[in-house]
Amino acid sequence: MLPSAPLRRLLIVLALLLTGFGARADATPPEQIKVVLDDNYPPYTFRDANGQPQGLLKDLWALWAQRTGIRVDFQPMSWGKARATMESGQADVIDTIFETPERQKIYAFSAPYASIEVALFFDHHISGITDSESARGFPIGVKEGDACIEYLNTRGITDLRHYPSYEAQVQAAIRQEVRVLCIDKPPAAYFFHRQGAAEQFRHTAPLYVGEFHWAVAKDRADLQQLIAAGFAKITPEERQAIEARWLGERLQAGTWERYKRPMLYSLLGLTLLTGVLLAISWLLRRQVANRTQALSQTLESLRTSEDNFKALLDEQRLIFDNAQVGILLLQNRRILKCNQRLAGMFGFAAPADLVGQSTEILYCSREQFEAAGWTGYGLLAQQGVAEFETEMCRQDGQRIWVIQSGRPLDPAKVLESPSIWVFTDITERKDTEEQLRIAAAAFESQESVIITDANNVILRVNRAFTETTGYAAEELIGKTPRMFKSDRHDDDFYRDMWESIVRTGNWQGEIWDQRKNGEVYPKWLTISTVKNEKGEVTHYIGTQLDISERKKAEAKIESLAFYDQLTGLANRTHLSEQLAQAVRLSTRNNQPFALMLLDLDNFKGINDSLGHHVGDQLLVQVAKRLVHAVRQSDLVARLGGDEFVIILPDIESPADAAHVADKILFALAEPCRLEEHELRTSTSIGICIYPDDATETHDLLQKADAAMYHAKARGRGNYQFFEEKIQAAAVQRLSVESDLRKAIRNQEFVLHYQPQLDLRTGRLCGVEALLRWQHPERGLVPPLEFLPIAEESGLIEQIGDWVLAEAAQQLAEWRRLGLDEIKMSINLSAAQFSNPGLPVRISAIIEYAGLPPHSIDLEITESMTMQAPDQAVTMMRVLSRNQISLSIDDFGTGYSSMSYLKMFPINTLKIDRSFVKDIETDPHDADICDVTVLLAHRLGLDVVAEGVETEAQLKYLLSIGCEKIQGYLISKPLPAAEAEAFIRSRPKISNLGTTELWTDSQPHSDLSQ
């Protein structure tokens, strides 16, 4: 620090210079100015242990405000931030600034008021550094925004390490992050001594001498004049008082510096007094003879002087005993004298308890005692003074920290002569520093922390916060947390949050914020209020934890628990919850809802023929179409397999549910293109209405299921509402399914055979094998009563396999008996046709029966081929290569596709009985039959007309060129023995076109019994 006299002279010159600039008469003085400056430049400006601004300039600006009546917003801060604040227009005045050519471009400077030497400080192990040129090659530590940076840059030195403050520079040098600093000498000396590292560093001669100014923006001449006029109102005496307070008492000086002058004056007085007394005694001895009369007066004067001397000694003793620091007089590390403060500091009752003792009793160990001796007396020998921090112990063992400051009475004989030591207890400061270190470590923990002022302006964030948000700290300081706001929360959310903070002082909860890259993420936020002793809010502290991974895990768990992993729809568990909730809401609001249960038609065939991966893709496509076909408020769930459930809340009438069902049927009727396959599917839908049909969730599902099976029984690809008779049919269906399983075990099935007539030759050319169920109680059960149930329950493959084997064996038996021209037509189910193992199974059956392959004709329905046309073509080609004849049954009743029909390797088209029965009366049916025959002939196929019962039907079929017929006009289906007898007894027809088809037959009415 500078001596007080030069600074005082500079301030006087400054005041005189500034008085020459009067304030603009036409300008209105501001109510307040904001002054920014370095907060770490003792004694001009610094912060005390509580973080409050202190220093010479604080008092000087406060006096300026008092003289001018203008409030001063005094804002010490890091130098870099001070520069940025000033240059961004957020401050009026910047203080503690050096004038440089670059800064002259943007600032108007005051006259200088202090001269500051700037030097290079370097580690004492380094030699040869005398100036900036000799320091080249070393990284040099500088303070952000310091004029030293410009000085070095102009000399081509750019390898610089920037630090926010002088204290940070010094700490970096002590940690050996850098080994050379460019720094002002006053703060450097202060901080090196404060850190106990003064002996570890040396410095060069001054690189330059900087002068402290205050400055305003270049275009603010009016403000410059106003400030100068204010300083002119401060008297020299007032400046001297401020200087005496801050420059006359160094921050790093010990108690010796404070009391040495009074003590020296006292010793000088004693010396002079002793001289006077000796002189008087000598004069008295010489003048005793002639001055006897004046003896009494002299003795009285001596007594007065003695009293004054004693008073002076008493005064010094009082100061010594009542000093607020501990004082020791030592020789050879033994205590000659100490004051009461030192005795109490170390837990002794009185100074007498320590006199004559070695100072080792004040240390915690022998090692500490010896280390302190080497440090303290080493400093005394080198510098003549010593000051260092050390840990010591009280008599009761409690550890304390002290600053020891010592001076020898004879600097030439440091070890032998007495020395005076002053002990200052800094335990509380050390505890505070420890707490600050802990707080700093906690602040830089893994948890993100943000600190704002009372106006919610961000003051500080930790590293975890910057890593979480993606913002750098400098991008956040001075902003508000509103910059993180996402669109996930409305104004009511934030209003409730701040009401809680104001009411209780804190808030915590889940909130969605936005990172710098725009990503919205969830976090658990805790906001706490910090208040001063008056109960006023000073800060807010926010701690946050990124819970993105936890939310993902929760979503995954919820997905696994409540959603189908294939389709993404609600699963059975979620459906149960939502269905229960729908019941509760419907009951409370007196509003009905509909439950729809859907089952895909013939899905098992697709799954078995094309593989489960294609079946899964089809389910995904169906799920998407279902979601698009319903409202957003409706729930679509996958019950399992190919079954889906839809909840339609808040319907007005069953017609609303019917409308949705129509949309679904239309959506699912569109073909699906999966890999190289084009698939068609349909669905059967059962609908149940709450509360009309059921009031319990289980009953709703059960009755919707019954309605769905009723839809399948009605031909599939449709929807049915639940009715009581459907429930009875469902019960009956379950009974039939149970009986079917028994029938398979007990071999209760039989085959009947219906003859086919070739109209070209007049001979019977084949039979169609038709399944019958010989029920032990119900008798002969027709196919339509049990085949649909067999297909839905998955029993149809077992039954169909039995039909193939039984029909082949029967044909083999007939051929053995001479009926060589008869061909066996066998119907395949969809499940059989979609089974990739079908060709191998048929070949095995034919080979086992000893039949030629062409003697078997397999009938496939048109709808079976159109479910997966490409796969159907492949299957049919394999069967055809095995010389097995193929027929398309019920042609015209399904989705006809001419492009695929021409690709099918078939031999025969069979016209369904629904077209044949009305050809005598319905022109449309007649045209359909005509076109079908024409199409078949163009494709090189034969045609078989089913259900022929009248002569008129026969005549029309003959007229359009139909090759074969079967129906009651020829014969009804017959058991094997009767069919054999019928074939043997019916020779070639000679009178086609009459009701007497056979030359030796009975009338038609007898044939069709």
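**Reading the disulfides**

Guide: Let's start with a bond: C364 and C393 form a disulfide, with their sulfur atoms 2.2 Å apart. Keep in mind that this is a predicted model.

Visitor: How many disulfides does the structure hold?

Guide: Two. The other joins C148 to C182, at an S to S distance of 1.6 Å.

Visitor: What makes a pair of cysteines count as a disulfide?

Guide: The general idea is a distance cut-off: the two sulfur atoms must be within 2.5 Å. The C364 and C393 sulfurs, at 2.2 Å, form such a link.

Visitor: Where do C364 and C393 lie in the chain?

Guide: C364 sits in the loop between α12 (340-345) and α13 (366-383), while C393 belongs to strand β15 (residues 386-393). They are 29 residues apart, so this pair links distant parts of the chain.

Visitor: And what does the C148 and C182 pair tie together?

Guide: C148 is in helix α5 (residues 147-154) and C182 is in strand β10 (residues 180-184), so the bond ties together parts 34 residues apart in sequence.

Visitor: What is the handedness of the C148 and C182 disulfide, and why?

Guide: Look at the torsion about the S-S bond: for C148 and C182 it is about 100°, so that disulfide is right-handed. The link of C364 and C393 is right-handed too, with 105°.

Visitor: Is C364 buried or partly exposed?

Guide: Buried means under 20% relative accessible area. C364 has 23%, so it counts as partly exposed.

Visitor: What about C148 and C182?

Guide: C148 counts as buried at 0%, and C182 is buried with 1%.

Definitions and conventions
Residues are numbered from 1 along each chain as its sequence is written. This is a predicted model: local features need pLDDT of at least 70, side-chain atom pairs count only at pLDDT 80 or more; totals for chains, interfaces and linings use all residues. Side-chain values use heavy atoms; hydrogens and water are left out. Helices (H or I, at least four residues) and strands (E, at least two) are DSSP runs, numbered from the N terminus. Buried means under 20% relative accessible area, exposed over 50%, partly exposed in between (1.4 Å probe, protein chains only).
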